[in-house]
Amino acid sequence: MKFRATLTGFLAILMWSFLALLTVASGKMPPFQLLAVCFAIGSIPGIIVLLLRPERLQLLRQPAKVWITGIVGLFGYHFLYFTALRHAPAVEAGLIAYLWPLLIVVGSAMLPGERLRWYHIVGALMGLAGTVLIVGRNGFHFEGAYAVGYGAAFLCAFTWSGYSLITRRFEAVSTDVVTIFCLVTSILSFFCHLGLEETIWPENPAQWIAVLGLGLFPVGAAFYAWDYGVKNGDIQILGAASYAAPLLSTLILTLFGFAEPSWGIALACLLVTGGAVLAAHRMILRRGDAEQTRAEAAE
């Protein structure tokens, strides 16, 4: 089950890799308006499940700390991320915000039943190095004038890593609750949009399809998969593997003609892939040994 849950977490990382491409393809809709629409779409599959299986509604009876953690995690992360982008250059803000995988790996040592090994830390640092190559391929320019943006980016990283680590402690809580997390995040994003942005809708069917894709996958199913993965899978491996998201995102943008290929991307690919394999090698070996034992027993 742990191996399967970890693979489910990998699916979330894969879906997040399409976030940039679909966002670019969605047109000029302002960030909070886009979030409001996408999280509303993301909540629909969960709502359908609850309507078809009303007995699962009782799984929504959870302590206040569960709801606070989920809503602060999803909405707080995105609010801080967009605040960082508004008050600091995107490259530096994005790099700071992407400290969350490393924070998950290091913070996981405090969770019951987990032990932090050297290969978890080295794997995460290799992923971080690959991310630096991707995000900072045009150089870095940290300036004091952007202190508010940098601060929001740091809080962003701590918010998502904290959400993921705390969620691990709620392993008995059904993933059905993510439906409400998405719905409330949509509502809060809508109010932010009303107060901070001008309404702009997609201009053609292709942009609407991109918005639908965002809502169904990177800003929808990915959060259900991540919830299940961090609760039941290997959170240290997921933390290290999360650095694959910006790399895969860049590769996808390159494939579709929105970015230029380079040797830096190739090196980043080696660092991120090598780091993920290093962090996960013990689990992969255990999986292989278990399959060999079952095969020998069948003979």
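The stops below go from a helix pair to a few charged pairs and end at a serine. Keep in mind that this is a predicted model.

**Stop 1: two helices side by side**

Select residues 64-87, which is helix α4, and residues 147-168, which is helix α8. Their axes sit 8 Å apart, and the packing angle is about 160 degrees. Anything over 145 degrees counts as roughly antiparallel, and α4 and α8 therefore fall in that class. Look at the handedness too: α4 and α8 make a left-handed crossing.

Now show side chains where the helices touch. On the α4 side, pick residues including T69, G70, G73, Y77, L80 and A84. Facing them from α8 are, among others, V148, G149, A152, C156, W160 and Y163. Colour this α4–α8 contact by class and you get 14 nonpolar residues, nine polar ones and no charged ones.

**Stop 2: the salt bridges**

How many salt bridges does the structure hold? There are four, and three of them are worth a click here.

Start with E197 and R86, whose side chains meet in a salt bridge at 3.3 Å, N to O. R86 takes you back to helix α4, while E197 is in the loop between α9 (177-196) and α10 (205-232), so this pair ties together parts 111 residues apart in sequence.

Next, jump to K231 and D227. Both belong to helix α10, four residues apart, or about one turn of the helix.

Then select R53 and E55. Their side chains form a salt bridge, with N to O at 3.3 Å. Here E55 is partly exposed at 45% relative accessibility, and R53 is partly exposed too, with 42%.

**Stop 3: a serine in α12**

Finish by selecting residues 244-255, helix α12, and zoom in on S249. Buried or exposed, this one? S249 has a relative accessible area of 11%; the cut-off for buried is under 20%, so S249 counts as buried. Which residues does S249 touch once you ignore its neighbours within four places in sequence? Show S17 and A20: S249 is in contact with both.

Technical notes: Residues are numbered from 1 along each chain as its sequence is written. This is a predicted model: local features need pLDDT of at least 70, side-chain atom pairs count only at pLDDT 80 or more; totals for chains, interfaces and linings use all residues. Side-chain values use heavy atoms; hydrogens and water are left out. Axes are lines fitted to C-alpha atoms, for helices over the stretch in contact, and angles run from 0 to 180 degrees between N-to-C directions. Angles under 35 degrees count as roughly parallel, over 145 as roughly antiparallel, 65 to 115 as roughly perpendicular and the rest as oblique. A crossing is left-handed if the near helix is turned anticlockwise from the far one by less than a right angle, and right-handed if clockwise. Contact means heavy atoms within 4.5 Å. Ala, Val, Leu, Ile, Met, Phe, Trp, Tyr, Cys and Pro count as nonpolar, Asp, Glu, Lys and Arg as charged, and the others, Gly among them, as polar. Buried means under 20% relative accessible area, exposed over 50%, partly exposed in between (1.4 Å probe, protein chains only).
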